[in-house]
Amino acid sequence: MVGIPVLAHRLVQIQSVIISKCLPEIVKKIDERLKVSVLDLNKLPRILKSETDAMATFIKIVGL
């Protein structure tokens, strides 16, 4: 039999192994979504000069 500190240490080791295996995939997914969001953001006009421009842009975004 072992004490609680030994069990807690073992649990931390197990969790760190699981996290180290999953973390690269999570980072990859976040990076892909971020790139898509940046591309969508870059498609927007830089300056909206009137309400008409704003409404046309809004409709265009909703249509996507």
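Helices (H or I, at least four residues) and strands (E, at least two) are DSSP runs, numbered from the N terminus. With that in mind, Lys 35 and Asp 31 both sit in helix α1 (residues 4-43), 4 residues apart, about one turn of the helix.

A word on the ground rules. This is a predicted model, where local features need pLDDT of at least 70 and side-chain atom pairs count only at pLDDT 80 or more, while totals for chains, interfaces and linings use all residues. Residues are numbered from 1 along each chain as its sequence is written, and side-chain values use heavy atoms, with hydrogens and water left out.

**The annotated stretch**

UniProt, in an unreviewed entry, places the feature "domain: Dynamin stalk" at residues 2-62. UniProt positions are given in the numbering used here, feature names are shortened, and annotations may be inferred rather than shown by experiment. Over residues 2-62 the chain is 85% helix and 0% strand, and the end C-alpha atoms are 60 Å apart.

Searching the whole structure turns up 2 salt bridges. The term stands for a side-chain nitrogen of Lys or Arg within 4 Å of a carboxyl oxygen of Asp or Glu.

| Lysine | Aspartate | Closest N and O atoms |
|---|---|---|
| Lys 35 | Asp 31 | 3.5 Å |
| Lys 43 | Asp 40 | 3.9 Å |

Lys 43 and Asp 40 are 3 residues apart in helix α1, so about one helical turn separates them. How open are these side chains? In what follows, buried means under 20% relative accessible area, exposed over 50%, and partly exposed in between (1.4 Å probe, protein chains only).

**A nonpolar patch**

Ile 19, Leu 23, Ile 26, Val 27 and Ile 30 make a nonpolar surface patch of about 460 Å². Patches are made of residues with over 30% relative accessible area and no salt bridge; like charges are joined within 9 Å, and nonpolar side chains (Val, Leu, Ile, Met, Phe, Trp, Tyr) within 5 Å. The areas come from the Shrake-Rupley method with a 1.4 Å probe, and for residues only the protein chains shown count as cover. Leu 23, one of the patch residues, belongs to helix α1 and is partly exposed, with a relative accessible area of 44%.

Ile 18 is also found in helix α1, where it is partly exposed at 47%. Its C-alpha atom is 20 Å from that of Pro 5, which is 13 residues away along the chain.

Thr 57 is found in helix α2 (residues 51-63). Is this residue buried or exposed? Thr 57 is buried, with a relative accessible area of 15%. Leaving aside neighbours within four places in sequence, Thr 57 is in contact (heavy atoms within 4.5 Å) with Leu 44, Pro 45 and Leu 48. Its side chain also reaches the backbone oxygen of Asp 53 at 2.8 Å.

Lys 60 lies in helix α2 as well, and it is exposed, with a relative accessible area of 57%. Between Lys 60 and Leu 44 there are 9.6 Å from C-alpha to C-alpha, with the two residues 16 apart in sequence.

Key:
A polar contact is a pair of N or O atoms within 3.5 Å; within protein, one must be able to donate a hydrogen and the other to accept it, and residues adjacent in sequence count only if both atoms are side-chain atoms.
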